[in-house]
Amino acid sequence: MELKDHSPVSRLAFRFLRWICPTHLLEEIEGDLIQKYNRDIQSSDHSKQSGNYKLRRAKRRLLWNVIRFCRPGILLRNKFTMEFTGGIMIQHYLKTSLRVINRNKYYSFINISGLAVGITSSILMLLWVQYEYSYDHFATNHKSIFQAKVNFRYNGVVNTTEDNCVPAYMALRSADNRIRNTCLTSSTYGHSIDYKDKRSGKEVLAVSREFLEMFGIPLIKGTAHSLDDPYSIMLNETTAKELFGDRDPINQLVVYDHVTELKVTGVFKDVPDNSTFWFHALVPIYDYAQKNAWLLKDVDKWDSFYPRIYVEMNSGAEIEEVNARIKDLVKKHFDDGSNPELFLQAMDRWHLHNKFVNGKEAGGKIEYVKLFTWIAGLTLFIACINYMNLATARSERRAKETGIRKSIGSRKSELIQQFFVESFFITIISFVAGIILVRLCLPWFNTLVRAQLSIDFASVEFWFLVNALVIITGLMSGFYPAFYFSSFKPAKVLKGNVLEGRNPGVRKLLVTAQYVISVFLIIGMIVIHEQIQYVKSRELGYSQQNLVCFAFNDQIAKNYAAIKNELLSSGVVEAVTKSNEGIDVDYFTDYVEWDGKQSQEKIQFSRISTDYDFTKTNGIRILEGRDFSPEFKSDSNAVLVNKTAVTIMGMKNPIGQKIKTRDRELRIIGVLSDVVRGSPFDPVAPCYIGMLRDGNNHLTIRLSKTNDLTASLKRVDAVFKKLDPLNVDEPQFVSDRFTHNYKTIDFIGKLADLFAFLGIFLTCLGILGLAAYTAEQRTKELAIRKILGASVGNLLLLLNNYFIRIAVVALLVAAPVSWLALNSYLQNYSYRITISWWVIPFTALGILAFTLIIVSTQVMKAATTNPINSLKSE
Amino acid sequence: MAKEYLGEFEELILTLVAGLQEEAYGAAISEEIETRLKRDVNLSAVHVTLYRLEDKGLIKSALGGGTNERGGRRKRIYSITSAGIATLRAIKEVRIDLWKMVPQLKMS
């Protein structure tokens with residue numbers, strides 16, 4: 001009886017078996033399989049099942065059993081036929097590679113360490129890039145979420161803001177049928193959340209009821225409707241733990257901002273660091289509205305911009321078309337030329353494409369991501385060139401090997417294979433070393449980029465990445481040696497006719513390329529470094545030293561005068577003031593009119609509302625006129641402006657002139673020096689400072705110079721505790737906040753240094769290997785030259801010549817290109833350096849000096865040995 | 001004990017080859033394991049282990065007769081060699097020795 005089943009699948013299975021299985025084992029295995037199959041059909045264990053079911057089950061099992069025979073224990077039992085010699089040869093190639101590595105430990109070390117460093121830097125960069133791209137993936141619906149942003153036209157430029165107006169929230173919903181839902185939120189603010197005697201200050205986001213479902217916030221407790229009750233609050237996991245420990249927080253009452261009782265209705269997963277949105281707790285915006293009457297008041301106010309609006313789109317909606325339809329939604333309510341145009345930006349682009357110029361996305365962090373991806377690629381490329389150079393430089397030794405291999409029957413393709421195996425072998429070793437290095441560097445790198453990067457060894461993506469890198473590196477570094485060696489003519493090579501670099505042009509080109517890249521890296525990194533230093537050392541216009549700032553609550557607002565006195569008499573405080581914002585941030589703006597204003601366009605000024613002692617506390621210089629003073633009763637209508645404002649208004653004698661703001665007319669009493677608020681990369685905005693009684697809920701304190709700031713802070717804290725025992729707000733050093741807000745500056749600066757160093761290091765390694773090799777190869781020549789009367793100096797000159805010429809050519813190519821590229825890069829910053837004249841000569845000298853030193857040390861060895869020693873061996 | 005250590009599965013198969021005698025071939029052994037040990041085992045695993053044991057010289061094989069049920073294919077019948085018996089015995093003795101070290105529970 002044959003197998004009863006003749007279905008194509010079973011036939012195919014047997015054919016597969018015949019193909020993988022050694023012939024001497026085939027018969028019994030087939031027999032066993034058929035026997036099993038037949039017994040499966042007849043089995044009585046599932047008598048309830050129909051015959052049909054059994055047949056199908058038997059077939060399934062047969063197929064599975066056949067597939068399982070595809071295992072090494074069976075496959076490797078095949079008598080090796082021609083196809084399998086490949087396997088043996090690969091083993092042989094690996095053995096040869098190992099021997100090559102062993103024989104030239106010095107070069108192998110240079111080679112492997114160079115590659116390992118290149119690989120380490122590219123893995124680190126890729127981890128960072130991956131992290132940057134993973135931003136905002138916390139919300140499960142991130143792909144279909146968009147933020148509605150607005151383009152305003154001020155002073156002739158288009159500014160983009162995420163502040164929106166309340167009526168747009170409803171209007172957007174009905175504007176286009178591809179918009180599924182809209183959601184309204186506040187921006188995140190610090191609030192206090194207390195439970196019994198436990199107090200905490202947390203970042204809270206007020207949201208409309210669509211929020212939870214729309215974003216798909218991962219919930220631990222509660223439902224998407226947990227915020228429907230206006231007096232509810234949802235906490236993140238950490239806050240819930242902090243306040244309630246292991247108890248169930250649901251339905252517990254917490255005190256919000258010392259006044260309102262809110263019921264905890266849910267717990268959500270902590271928002272991870274890589275998130276544009278960041279909050280510890282969510283409250284319904286309706287409650288927010290009741291406490292902040294303006295939100296209710298503004299339901300049909302089109303010209304009051306502050307909440308954020310998010311939109312959920314149907315999948316597959318063409319965002320361009322939707323943008324075209326919603327563009328005029330807000331604009332039609334405006335006739336003042338500010339021309340606000342709505343548009344949507346995808347959640348996946350919030351983080352990396354956060355810069356807008358003229359109402360269009362204009363990069364942002366993505367520029368750095370791209371820049372450093374390129375640089376990491378270049379570093380890896382330099383490392384690969386190192387490999388190629390060192391591999392081909394040893395050609396004399398390998399040429400004979402190739403010749404013999406060819407004469408005993410190696411085909412060209414097999415030789416190519418051999419050299420690729422070698423390059424992959426070394427690449428893999430370097431990768432192992434690289435991954436170990438990455439593990440070691442990660443903690444340091446994490447503090448550098450201020451992120452929690454880690455290698456996820458279990459992730460498919462990671463291994464995919466590693467494999468891709470191995471293949472790219474292996475191919476890139478193995479390609480040239482493989483084709484170079486395999487093209488040797490055996491007869492010539494074996495006669496000893498080696499043609500050192502039968503193709504020296506290519507190698508020269510490679511070394512030149514390496515030089516070009518490193519010149520580029522060095523010049524680029526010096527310029528970036530300079531730019532960063534320039535921005536970091538920018539005159540900020542105020543003094544950050546010992547300056548402390550924080551937001552305070554109503555309790556302190558009531559007692560401001562008392563607190564100020566108390567603080568000043570505490571002995572650790574030099575000056576105190578209050579204002580609508582800290583000096584280092586620029587949130588409030590206003591349109592300003594003045595006599596003799598030329599253009600019709602609205603001009604936007606920064607608006608600082610403050611009290612006495614603002615300039616004194618912040619350390620701002622008064623250029624003209626005077627500060628506010630209690631001696632002048634009229635100072636409630638007085639205003640200070642900065643220098644930029646004076647320039648923009650074109651006033652010759654600003655003191656005494658009047659400006660008109662949105663709510664009053666103010667008289668200029670003084671001009672202040674410019675203060676950098678906001679990004680230090682940007683120009684200073686015009687600004688006016690008045691005693692305006694806006695919501696002056698930020699306290700700025702200048703601590704006296706002391707060695708023990710912590711003690712001073714304790715004293716300050718004690719004062720607050722006395723007058724407001726509930727207060728939990730932590731005072732923040734302005735300098736810390738500044739560093740935190742502009743951490744990219746620091747980070748980019750340090751990365752630039754790092755890569756400049758890596759570029760130099762790898763190039764040096766390359767020159768070192770090549771110089772050492774050249775010196776060794778020409779030992780005899782040098783000895784003979786010496787006998788004939790050449791001095792050590794002559795010999796040094798001879799060998800240096802080769803490298804110096806290459807370096808000079810590289811400089812000639814790289815310097816102008818990098819100059820141009822960097823100039824256009826610097827255009828991205830409005831506060832920027834002009835490239836110093838010395839950068840290029842400095843780089844050139846540096847490169848030449850390095851080359852000279854490295855080559856000379858290597859040549860010295862060969863040049864100073866006694867010629868007898870080098871010549872007698874044969 | 002032999003220098004070659006045996007894995008748990010190898011030991012199991014070796015014992016079965018010794019026990020099944022004339023009926024010791026791939027499919028029968030796997031069936032035996034399934035019915036007696038209630039343990040799912042893949043046919044290929046059994047085969048590979050048999051080959052490995054043969055390589056180690058613990059069992060030997062010869063082709064036997066074919067049946068209709070097997071589509072006429074012959075069986076490869078395995079039998080244990082004296083080295084195999086020695087190994088099995090050594091394993092058993094070591095086990096018993098070790099078992100004696102375990103404090104025995106007294107059934108009151």
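Does A:Gln531 count as buried or exposed, and why? I find that A:Gln531 counts as buried because it has 24 C-beta neighbours inside 10 Å. The cut-offs I used are 20 or more other C-beta atoms within 10 Å for buried, 12 or fewer for exposed, and partly exposed in between, with C-beta atoms placed from the backbone.

I note that this is a predicted model, in which local features need pLDDT of at least 70, side-chain atom pairs count only at pLDDT 80 or more, and totals for chains, interfaces and linings use all residues. Residues are numbered from 1 along each chain as its sequence is written, while chains are lettered from A and ligands numbered from 1 in the order in which they are written.

**Around A:Gln531.** I placed A:Gln531 in helix 19 (residues 504-536) of chain A; helices (H or I, at least four residues) and strands (E, at least two) are DSSP runs, numbered from the N terminus. Leaving out residues up to four places away in sequence, A:Gln531 touches A:Leu826, A:Tyr829, A:Arg832 and A:Ile833. Contact here is C-beta atoms, placed from the backbone, within 7 Å. I looked up the C-alpha separation of A:Gln531 and A:Arg832 and got 6.4 Å, although they are 301 residues apart along the chain.

**Chain A.** I counted 30 helices and 25 strands in chain A. Of its 874 residues, 37% are buried. Among contacts in chain A with a separation of 6 or more, 81% are between residues 24 or more positions apart.

**A helix pair.** I looked at helix 6 (residues 105-133) and helix 16 (residues 412-449) of chain A, which pack at about 45° with axes 7 Å apart. Axes are lines fitted to C-alpha atoms, for helices over the stretch in contact, and angles run from 0 to 180 degrees between N-to-C directions. I therefore logged helix 6 of chain A as oblique to helix 16 of chain A (under 35 degrees is roughly parallel, over 145 roughly antiparallel, 65 to 115 roughly perpendicular, the rest oblique). The residues of this contact divide into 16 nonpolar, 5 polar and no charged. Nonpolar means Ala, Val, Leu, Ile, Met, Phe, Trp, Tyr, Cys and Pro, charged means Asp, Glu, Lys and Arg, and polar means the others, Gly among them.

**Chain B and the interface.** I read chain B as α-α-α-β-β-α. I found 19 residues of chain B in contact with 21 residues of chain A. Helix 3 of chain B gives the largest share of the side that touches chain A, 6 residues. By class, that side of chain B has 5 nonpolar, 7 polar and 7 charged residues.

Methods
Contact = placed C-beta atoms within 7 Å.
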